[in-house]
Amino acid sequence: MALTYVSTRGNAPELEFGEVLLAGLARDGGLYVPAQWPALHPALTSASLGYVELAQQVMWPFVDGFIERRAFDEMVDATYATFRAPDVAPMVDLGDDLWLLELFHGPTLAFKDVALQLVGRLFDFELTRRDERVTIVGATSGDTGSAAIEACRDREALDIVILHPAGRVSEVQRRQMTTVDASNVHNVAIAGSFDDCQDLVKAMFNDEQFRDRQRLAAVNSINWARVMAQTVYYVWGSARLDGARVAFSVPTGNFGNVFAGEGARRMGLDVDQFVVGSNRNDILTRFFATGRLEASTVHPTLSPSMDIQISSNLERLLFEVDDRDGAAVAALMDEFRRTGAAELPAPALERLSGLWSGARFTDDETLEIIRAVYADTGLAVDPHTAVGLGAARAMRRHADVPMIALATAHPAKFPDAVEQAIGVRPALPDPLADLLDRPERYDELPNDLAAVEAYVADRCPM
């Protein structure tokens, strides 16, 4: 029987995968998760499967009933054929049983490619089958935008509009979005922070007349398909270590990446610990220490993809640790939105504390980590990966449990920070070598819902 999906706020229809793919955000404002987590076959955590075959097997239960098995396997194969690394996500041994899982070998040099290159194909499949067209809207703190655009460019059944915070992404990140010459791609620089961009996207989805008129769909990690595809590399990391009990450290902004690890754990992966790495915008570090969500000002940092105070996918974790009580999650999220603060019930916090912890790092500390990694290993790492490595070392609980830190972006996406740390400017791979010379195409808009909706309606007529 095909899996169905429920909203974290408990007041939206239960949907099948194809409907969830196109819906993105649930009608009650919640996020979709599986009604039941499928069991991970134990052999998948220790077998010597290649990444593609592992991905096909791990994801199949989520899409069974939506697509024929052979067609899905071919889609997954085509997705990862676009990656530069033969094994898609190489593991690098840093010593002392600390490992770096490199997730940046896709076409836009960031971990977002692992999911979005598949999601673009899933959209194409479902829209072709339905003979429908959609408008994809997304917000990016840097990497989601370029990965989504690369996955969706030139597809006839959709337009894609990506909002990014003006002046708050790196030049490479911005240009990877704004230099794409495709008639169905629309880039918008919003006067504000990533949280403002994300709020605009959610507001468009919550405006039901506009949502239905424009046939809105989402590529942000609010879309379940993103999380589904990211569960695979957690299983992959464990399998590379012969199915050992493992810990993970993840530099975290919107929480979708690390929640995918929680999804893999709920499927049966043996996880000892999740460490969440943050920069100066440390709402998550404070939350895992105290159980209190309290937003503050968003500060620009050297790791802009984590310059966030509202981590949307945390809601999925809250749903799981609060006994899947959608009404309680809705009340907590409403309080957070109204007041800027909310408290997790003590029993739920207790369930979190044995598995989850966080650590924060300033820009100076991040630069020092980049320097130290380069001196010790000869590897250049980007500032987000550096935060993850710093958190891994600071919060590791058991020295005898392998710790896998996720490398989320190629260092060349943040060349200024890397050069500041080690005196060497990382070069872009050959396909992007002329990126800084390509003409840009984007529009600037205020942080105003009416202005953004008017722009979307004008650029993406239905």
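Start with the cysteines: a search of the whole structure finds 0 disulfides, a disulfide being a pair of cysteine sulfur atoms within 2.5 Å. Select Cys152 to see this for yourself: Cys152 is in no disulfide, and the nearest cysteine sulfur, that of Cys460, is 12 Å away. Cys152 is buried, at 1% relative accessibility (buried means under 20% relative accessible area, exposed over 50%, and partly exposed in between, with a 1.4 Å probe and protein chains only). Now move to Cys197, which is in no disulfide either; its nearest cysteine sulfur is that of Cys460, 16 Å away. Cys197 also counts as buried, with 0% relative accessibility.

Before you go on, a word on what is on your screen: this is a predicted model, in which local features need pLDDT of at least 70 and side-chain atom pairs count only at pLDDT 80 or more, while totals for chains, interfaces and linings use all residues. Residues are numbered from 1 along each chain as its sequence is written, and side-chain values use heavy atoms, with hydrogens and water left out.

Next stop, the charged side chains. The structure holds 36 salt bridges, each a side-chain nitrogen of Lys or Arg within 4 Å of a carboxyl oxygen of Asp or Glu.

Select Arg153 and Glu150, whose side chains meet in a salt bridge at 3.8 Å, N to O. Arg153 is partly exposed at 29% relative accessibility, and Glu150 is partly exposed at 29% too.

Then pick Arg175 and Glu440. What do you find there? A salt bridge, with the closest N and O atoms 3.6 Å apart. Because Arg175 lies in helix α6 (residues 171-178) and Glu440 in the loop between α17 (415-422) and β15 (443-445), the pair ties together parts that are 265 residues apart in sequence. (Helices, H or I with at least four residues, and strands, E with at least two, are DSSP runs numbered from the N terminus.) Is Arg175 buried or exposed? Arg175 is buried, with a relative accessible area of 12%, whereas Glu440 is partly exposed at 27% relative accessibility.

Now select helix α15 (residues 363-377), where Arg371 and Glu368 sit 3 residues apart, so about one helical turn separates them. Arg371 forms a salt bridge with Glu368, and the closest N and O atoms are 3.2 Å apart.

For the last stop, select Glu262, Arg265, Arg266, Glu320 and Arg324 together: a network of salt bridges links them.
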